[in-house]
Amino acid sequence: MNIRCETLQDHSAITEVKVLAFGQENEARLVEEIRRSDRYIPELSLVAEVENIVVGYILFSYIDLVDTETLQVLGLAPVAVRPEFQRKGIGSALVEAGLKIADTKKEAIVIVLGHPQFYNRFGFQPSVNYQITSPFPVPEDVFMVKPLKSYQQKYRGKVVYPPAFETV
Ligand SMILES: CC(C)(COP(=O)(O)OP(=O)(O)OC[C@H]1O[C@@H](n2cnc3c(N)ncnc32)[C@H](O)[C@@H]1OP(=O)(O)O)[C@@H](O)C(=O)NCCC(=O)NCCS
């Protein structure tokens, strides 16, 4: 398995992975909207390939954290692995690769809405532990943050998703 940044040629394979993994097209549309926006980060749009076939995809993009000032932080969404390649460690490898790149870029914190059983292993914790609140009424344990090496206490407040996320 090889992890690398996406290229233009990967777009249709990435769409297929997302539609197969989620069973709907919303997440594929989300990625297209983010790519078109100023929140897209090419280095953090990663594919996993096996024998030159794209089997997994992850995207981290900028979202807002609003308190007395508005800070840009990373939002992780979506991550998807082709159903027949799931539970083989590919999703975890994509998350770990992305977190490493984010650390290298001196990003401070990553925010995710997802399954705690999957994200806890990477050090994600409920966002309330860091005084960060979700814009959605969701259980506390599914809205999580992972502080990176550059994390400072000023990273707190309410998360605001940019317009691209209105598609999901
Ligand atoms: C979630 C997903 C990306 C994980 O990718 P993967 O390659 O299967 O993940 P890995 O093999 O690295 O890890 C699998 C672990 O995640 C857990 N996991 C996978 N999907 C899960 C789910 N829907 N709910 C809870 N845990 C899940 C498994 O229990 C497994 O844990 P284990 O190692 O203790 O058995 C993949 O299952 C997927 O594409 N799912 C559909 C899309 C989706 O729900 N994406 C958003 C996730 S918040």
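Me: First, which helix holds Arg-29?

Reply: Arg-29 sits in helix 2, residues 26-36. Bear in mind that this is a predicted model.

Me: Why is Arg-29 called partly exposed?

Reply: Count the C-beta neighbours: Arg-29 has 16 inside 10 Å. Buried takes 20 or more and exposed takes 12 or fewer, so Arg-29 with its 16 counts as partly exposed.

Me: And which residues of helix 2 are buried?

Reply: Glu-27, Ala-28, Leu-30, Val-31 and Ile-34 are the buried ones.

Me: How do you know that the buried residues of helix 2 line one face?

Reply: Look down the axis of helix 2: the buried residues fall within an arc of 155°, so they line one face of the helix. On the other side, Asn-26 and Arg-36 are exposed.

Me: What do the buried residues of helix 2 pack against?

Reply: Helix 1, strand 3 and strand 4.

Me: What describes the way helix 1 and helix 2 sit together?

Reply: Two packed helices are described by an angle and a distance, both taken between their axes. For helix 1 and helix 2, the axes come within 8 Å and cross at roughly 145°. Helix 1 brings Ile-14, Thr-15, Lys-18, Val-19 and Phe-22 to the contact, while helix 2 brings Glu-27, Ala-28 and Val-31. Sorted by class, that contact has 5 nonpolar, 1 polar and 2 charged residues.

Me: Which residues touch the most other members of the largest nonpolar core?

Reply: Ile-109, Val-110 and Ile-111, out of 46 residues in that core. Strand 3 supplies the largest share of the core, 8 residues.

Me: What makes Val-110 a contact partner of residues beyond its sequence neighbours?

Reply: The test is C-beta atoms within 7 Å. Leaving aside neighbours within four places in sequence, Val-110 is in contact with Phe-60, Leu-74, Leu-76, Leu-99, Ala-102, Val-145, Lys-146 and Leu-148.

Notes
Residues numbered from 1 in each chain as written. Predicted model: local features only at pLDDT ≥ 70, side-chain atom pairs only at ≥ 80, totals over all residues. Helix = DSSP H or I, 4+ residues; strand = E, 2+ residues; numbered from the N terminus. Core = buried A, V, L, I, M, F, W, Y, C linked by C-beta atoms within 7 Å. Contact = placed C-beta atoms within 7 Å. Axes fitted to C-alpha atoms, helices over the stretch in contact; angles between N-to-C directions. Nonpolar A, V, L, I, M, F, W, Y, C, P; charged D, E, K, R; others polar. Arc of directions from axis to C-beta.
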